[in-house]
Amino acid sequence: MTVSDQGLVLSGKLALPEYAKPQPGNHPPLDFEGYKSTRLRHPKQPLVLLPQRLTEVTGPLLGDDVITMTDADLTTQKPGEPQGQRIIVFGQVRDSGGRPVPDTLIEIWQANAAGRYLHAREHHPAPIDPNFDGVGRCITDQGGRYRFITIQPGAYPWGNHYNAWRPAHIHLSLFGRAFTQRLVTQMYFPGDPLLKYDPIYNSVTDEKAKVRMISEFSLEDTQPEWALAYKFDIVLRGRNATVFEEPHA
C-alpha cells in the first residue's frame, strides 16, 4: 500500500498519509525571537499526534454551487470600485513531483490599498475602503491553476518593535483533501524595501526558500490599461516547497 502526494491510496483499508519532515530553515520556527507575538502563541509542551479518523480525512466537499467565479474577484464584490492599483494574482499548485493539484480550495485575505484590514481590532489610522473587503476564494482547476483579481495591498505599522512596518503582502490559505490539511503562507512583492527589515519574512533562514515567498511580476500576463499581474506558484512539499507558517499541518 502506498501513499502519493496527490492523495490517499486505498487498498481495502483507509490509508493515512505519512508527512515528510520539513527541510531545516525552509519554514519559520513556531517561536522566533524577533517576532514578539510568537512568545505567546507557540506551544509550550511537545505536540501530541492524534490518530486521523474518517472525519479528518474526508472533505471538504466543495463545488461550483458553493464557490463561484465572483468569489475570486475582490474588485467587484461591492457596488463601487475599490481604491488602489488593480492587480492579478495567479499561479499553479503542484506537489513535490511537479504534478498539478486540482480541486484545492484557496482563500486569500489582505489589507486595502492604504494598508488597513477590515477588522474590528484594526488600529491603523488609515481609511477604510467601503468597496473593498479584502477576502476572496477559488478552487484550482484541473491543471492546478488559480487566479484572483484584487488590489495592491499597502504596507502598515504593526508595533512589533520601533518603527516596524509590514511589507505589502497577501495571505493565502490552502485546503487539501481534508480540513486538517490546511496550509497558510504569505506572498510578497518583488523589490519591496521593507522585506529586509521584516522579522516575519526573515524568520525563514534558507535564502532560496525566502525567494520563493516573493511573487514574480509578469508583463506577459499584465492586461493593458487595466491590471498588473503577479505570478505565485505554490509547491506543497519537497525541496522546492513553498514556505508555510504551519509546516506540521
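## Salt bridges and strand pairing

In strand β3, Arg137 is the bridge partner of Glu107. This report concerns a predicted model, and it begins with the strands around that contact.

Strand β2, which spans residues 105-109, pairs with β3 in the antiparallel sense, and five bridges join the two. β2 also pairs with strand β7, residues 169-175, again in the antiparallel sense and over five bridges. In this second pairing, His171 of β7 stands opposite Trp109. In a regular strand, side chains alternate between the two faces of the sheet.

Arg137 also takes part in a contact through its side chain. Its partner is Asp71, with which it forms a salt bridge at 3.4 Å from N to O. The pair connects distant parts of the chain, 66 residues apart: Arg137 belongs to strand β3 (residues 135-139), while Asp71 lies in the loop between α2 (54-57) and β1 (86-94). How accessible is Asp71, buried or exposed? Asp71 counts as buried because its relative accessible area is 18%, which is under the 20% limit. Arg137, with a relative accessible area of 30%, is partly exposed.

A further salt bridge joins the side chains of Arg94 and Asp233, with an N to O distance of 3.4 Å. This pair, too, links distant parts of the chain: Arg94 is in strand β1 and Asp233 is in the loop between β10 (228-231) and β11 (234-235), 139 residues apart. Arg94 is partly exposed at 22% relative accessibility, and Asp233 is partly exposed with a relative accessible area of 24%. Both residues belong to a network of salt bridges that also includes Lys231.

Asp141 and Arg145 form another salt bridge, in which the closest N and O atoms are 3.2 Å apart. Here Asp141 is partly exposed, with a relative accessible area of 30%, and Arg145 is partly exposed as well, at 48% relative accessibility.

| Salt bridge | N to O distance | Relative accessible area |
|---|---|---|
| Arg137 and Asp71 | 3.4 Å | Arg137 30%, Asp71 18% |
| Arg94 and Asp233 | 3.4 Å | Arg94 22%, Asp233 24% |
| Asp141 and Arg145 | 3.2 Å | Asp141 30%, Arg145 48% |

How many salt bridges does the model contain? The count comes to nine, and the pairs in the table are among them.

Conventions
Residues are numbered from 1 along each chain as its sequence is written. This is a predicted model: local features need pLDDT of at least 70, side-chain atom pairs count only at pLDDT 80 or more; totals for chains, interfaces and linings use all residues. Side-chain values use heavy atoms; hydrogens and water are left out. A salt bridge is a side-chain nitrogen of Lys or Arg within 4 Å of a carboxyl oxygen of Asp or Glu. Helices (H or I, at least four residues) and strands (E, at least two) are DSSP runs, numbered from the N terminus. Buried means under 20% relative accessible area, exposed over 50%, partly exposed in between (1.4 Å probe, protein chains only). Two strands pair if DSSP finds at least two bridges between them.
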